[in-house]
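Subject: Structure handover

Hello,

Here is the structure I promised to pass on. Please open it first, then read my notes below.

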Amino acid sequence: MKLVLIIVLAGVGLLLLVEMGLRFLGFGNPLLYIADEQIGYLIAPNQQVKRFGNRIVINQYSMRGTNVSSQRSPSTVRLFLLGDSVANGGWWTDQAETVSERLREKLQAQLPRAATQTGTPQAVEVLNASANSWGPRNELAYLQKFGTFDAQVVVLLINTDDLFATAPTSVQVGRDRNYPDRQPPFALAEAVSRYLLKPVPIPELEVIQAEGGDRVGINLDAISKINALVRQNNGKLVLAMTPLVRELGASGPRDYEVKARQRLKDFAADETIPYMDFLPIFNQVGNFKSLYRDHIHLNPQGNQQVSQHLAEIVRSLL
């Protein structure tokens, strides 16, 4: 009887140690999502979590960053970064290493520091409204709901896949393990769900992902509406696109991507939108894979490259 009790206690103790270790890594406290009829989904507002040592702060407008006012202060230069998980940085990127924060640092150091009426130098803010798997239609819906926050420059950062993005939907919220809408009961439960269990297919999502028609044209139309909205609010739009890893090097983009990329380039010229394509820029890097965390997401070194080049084009507009 004592042996059984010892085994049970040892098992419980081991589970507690595993639970504590997983919680130390950030399991058991994932970022939560909320559904939105127009946008599809948002990262739930007012969250602060730490995952694998990386700090993630979400403000009252579901942006990655601290709380902001809806109107820009006269003594502030304000930029607005829109995008998907590349712009957001995800759990694998610390708050200080996101594209938006790196861009803010560079502009703060580079812009003329003319004194304001209060005698203090101008501050730079870079807002960051983004979420994994957002496309141009999600980003347009976000602007239509929340506005441009009086930003002087709005940067739309997309990747090649975003040209083929489907319509906004919220069916994955609370059903896909990457879009939880509530905290798991235990860190161990989240780890098992994420790494040991197979994902459960969502039939409604599969229907949406099979959307037909001219997806590229539909997304270009959404970007056109973003441009119009930004201009209506006295701002300037910058369009930037990062490539997939397989597009880099000798192989280059696939034929359908080459056509889509040309359509985007022609569209930007027709709409007089400053456009930065990071494909040739990254190709100039000796080991371009060193810029990526995986096949699509950038690491801190990649974020540094993107922010450096964006700072140049934004500075010319300001």
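A residue counts as buried under 20% relative accessible area, as exposed over 50%, and as partly exposed in between (1.4 Å probe, protein chains only). By that rule asparagine 46, at 54% relative accessibility, is exposed.

Now the ground rules. This is a predicted model, in which local features need pLDDT of at least 70 and side-chain atom pairs count only at pLDDT 80 or more, while totals for chains, interfaces and linings use all residues. Residues are numbered from 1 along each chain as its sequence is written, and side-chain values use heavy atoms, with hydrogens and water left out.

Helices (H or I, at least four residues) and strands (E, at least two) are DSSP runs, numbered from the N terminus. Contact means heavy atoms within 4.5 Å.

With a relative accessible area of 56%, threonine 272 is exposed.

**Two buried loop residues**

Serine 62 is in the loop between strand S4 (54–58) and strand S5 (76–83). Is serine 62 buried or exposed? At 5% relative accessibility, it counts as buried. A polar atom of its side chain lies 2.6 Å from the backbone oxygen of isoleucine 43. Setting aside neighbours within four places in sequence, serine 62 is in contact with Leu42, Ile43, Ala44 and Pro45.

Glutamine 172 belongs to the loop between strand S7 (153–159) and helix H5 (187–195). Its relative accessible area is 6%, so glutamine 172 is buried. Not counting residues up to four places away in sequence, it touches Tyr41, Tyr179, Ile202 and Leu205.

**Helix packing**

Two packed helices are described by the angle between their axes and the distance between the axes. Axes are lines fitted to C-alpha atoms, for helices over the stretch in contact, and angles run from 0 to 180 degrees between N-to-C directions. Angles under 35 degrees count as roughly parallel, over 145 as roughly antiparallel, 65 to 115 as roughly perpendicular, and the rest as oblique. A crossing is left-handed if the near helix is turned anticlockwise from the far one by less than a right angle, and right-handed if clockwise. For residue classes, Ala, Val, Leu, Ile, Met, Phe, Trp, Tyr, Cys and Pro count as nonpolar, Asp, Glu, Lys and Arg as charged, and the others, Gly among them, as polar.

Start with H7 and H8. Helix H7 (residues 215–232) packs on helix H8 (residues 255–270) at an angle of about 25°, and their axes are 11 Å apart. H7 is therefore roughly parallel to H8. The crossing is right-handed. H7 brings Val216, Gly217, Leu220, Ile223 and Ser224; H8 brings Ala260, Arg263, Leu264 and Phe267. By class, this contact has six nonpolar, two polar and one charged residues.

H7 also packs on H4. The axes of helix H4 (residues 136–146) and H7 come within 8 Å and cross at roughly 25°. So H4 and H7 are roughly parallel to each other. H4 passes H7 in a left-handed crossing. Among the H4 residues in the contact are Leu140 and Leu143, and among those of H7 are Ile223 and Leu229. The class count is nine nonpolar, two polar and three charged residues.

Then H3 and H10. The axes of helix H3 (residues 99–110) and helix H10 (residues 300–317) come within 8 Å and cross at roughly 45°. That angle makes H3 oblique to H10. H3 passes H10 in a right-handed crossing. H3 residues in the contact include Leu103 and Leu107; those of H10 include Ser307, Leu310 and Ala311. This contact has seven nonpolar, five polar and three charged residues.

**Leucine 103**

Take a closer look at this residue. Leucine 103 is in helix H3. Its relative accessible area is 1%, so leucine 103 is buried. Leaving aside neighbours within four places in sequence, leucine 103 is in contact with Leu79, Val126, Ser307, Leu310 and Ala311. Its C-alpha atom is 9.3 Å from that of glutamate 125, 22 residues apart along the chain.

Best wishes

Definitions and conventions: Polar contact = N/O pair within 3.5 Å; in protein donor to acceptor, adjacent residues only side chain to side chain.
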